[in-house]
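Please read them with the model open beside you.

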Amino acid sequence: QVQLVESGGGLVQAGGSLRLSCAASGSTFSVNAMGWYRQAPGKQRELVAGISRFGSTMYADSVKGRFTISRDNAKNTVYLQMNSLKAEDTGVYYCNAILWAGLRPLGSWGQGTQVTVSS
């Protein structure tokens, strides 16, 4: 079973940037689409960015133009570069393998990494 470890979160002022990393164990990383999810306080977890095994990407409208997802299959790692952060980007960020057709999560969740944007 793939294990996921998210890192890179923190406290940042509005307009600032953060880069999240998700390290995955297991030899199947490169064949999986991967996604970054966000769970804001009191809200459901939502998919904010996804990347297919071939590098195609998708973004939620709320982060389009500000966030960039990328992957390094040699390092079994997926990244989320977050620029021009807003207070509404605050939440716990998780990564997971996703089914590209349907964009639904496939595996178990890691512990996530907290992002707090102060306005």
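Does leucine 103 count as buried, exposed or partly exposed?

1. At 30% relative accessibility, leucine 103 counts as partly exposed, where buried means under 20% relative accessible area, exposed means over 50%, and partly exposed lies in between, with a 1.4 Å probe and protein chains only. Leucine 103 sits in the loop between β9 and β10 (104-105), and its phi is near 55 degrees, a positive value in a residue other than glycine. Strands and helices here are DSSP runs numbered from the N terminus, a strand (E) having at least two residues and a helix (H or I) at least four.

2. Before going further, please keep in mind that this is a predicted model, in which local features need pLDDT of at least 70 and side-chain atom pairs count only at pLDDT 80 or more, while totals for chains, interfaces and linings use all residues. Residues are numbered from 1 along each chain as its sequence is written, and side-chain values use heavy atoms, with hydrogens and water left out.

3. The structure holds one disulfide, a term used for a pair of cysteine sulfur atoms within 2.5 Å. It is formed by cysteine 22 and cysteine 95, whose sulfur atoms are 1.8 Å apart. The pair links distant parts of the chain, since cysteine 22 belongs to strand β3 (residues 18-24) and cysteine 95 to strand β9 (residues 91-99), 73 residues apart. The torsion about the S-S bond of cysteine 22 and cysteine 95 is about 50 degrees, so the disulfide is right-handed. Both cysteine 22 and cysteine 95 are buried. As background, a disulfide is a covalent bond between the sulfur atoms of two cysteines.

4. The next point concerns an open sheet of four strands, which has the order β1-β3-β8-β7 and antiparallel pairing; two strands pair if DSSP finds at least two bridges between them. Its edge strands are β1 (4-7) and β7, each of which pairs on one side only. Neighbouring strands of this sheet are turned by 15 degrees against each other on average, direction ignored, the axes being lines fitted to C-alpha atoms (for helices over the stretch in contact) and the angles running from 0 to 180 degrees between N-to-C directions.

5. Within this sheet, β3 and β8 pair in the antiparallel sense over six bridges, and in β8 the bridge partner of serine 21 is tyrosine 79, while that of cysteine 22 is valine 78. Six bridges also join strand β7 (residues 67-72) to β8, and these two run antiparallel, with threonine 68 standing opposite glutamine 81 in β8. Five of the six residues of strand β8 (residues 77-82) are buried, so this strand is largely enclosed by the rest of the structure.

6. β7 and β8 form a hairpin with four residues between them, and asparagine 76 is found in the loop between these strands. Asparagine 76 has a positive phi of about 50 degrees although it is not a glycine, and it is buried, with a relative accessible area of 18%.

7. Valine 78, in strand β8, is buried, with a relative accessible area of 0%. If residues up to four places away in sequence are not counted, valine 78 touches residues including Leu20, Phe29, Trp36, Ile69 and Cys95, where contact means heavy atoms within 4.5 Å. The C-alpha atoms of valine 78 and alanine 23 are separated by 6.8 Å, although these residues are 55 residues apart along the chain.

8. The largest nonpolar core has 26 residues, and those with the most contacts inside it are Trp36, Ile69, Val78, Leu80, Met82 and Tyr93. Such a core is a set of buried Ala, Val, Leu, Ile, Met, Phe, Trp, Tyr and Cys residues joined through side-chain atoms within 4.5 Å. The largest share of this core, four residues, comes from β3. A second, separate core of seven residues includes Met58, Val92, Tyr94 and Ile98.

9. Finally, please look at asparagine 96, which lies in strand β9 and is buried, with a relative accessible area of 1%. The backbone oxygen of glycine 107 lies 3.1 Å from a polar atom of the side chain of asparagine 96. Leaving aside neighbours within four places in sequence, asparagine 96 is in contact with several residues, among them Leu4, Met34, Tyr37, Leu106 and Trp109.

How values were computed: A polar contact is a pair of N or O atoms within 3.5 Å; within protein, one must be able to donate a hydrogen and the other to accept it, and residues adjacent in sequence count only if both atoms are side-chain atoms.
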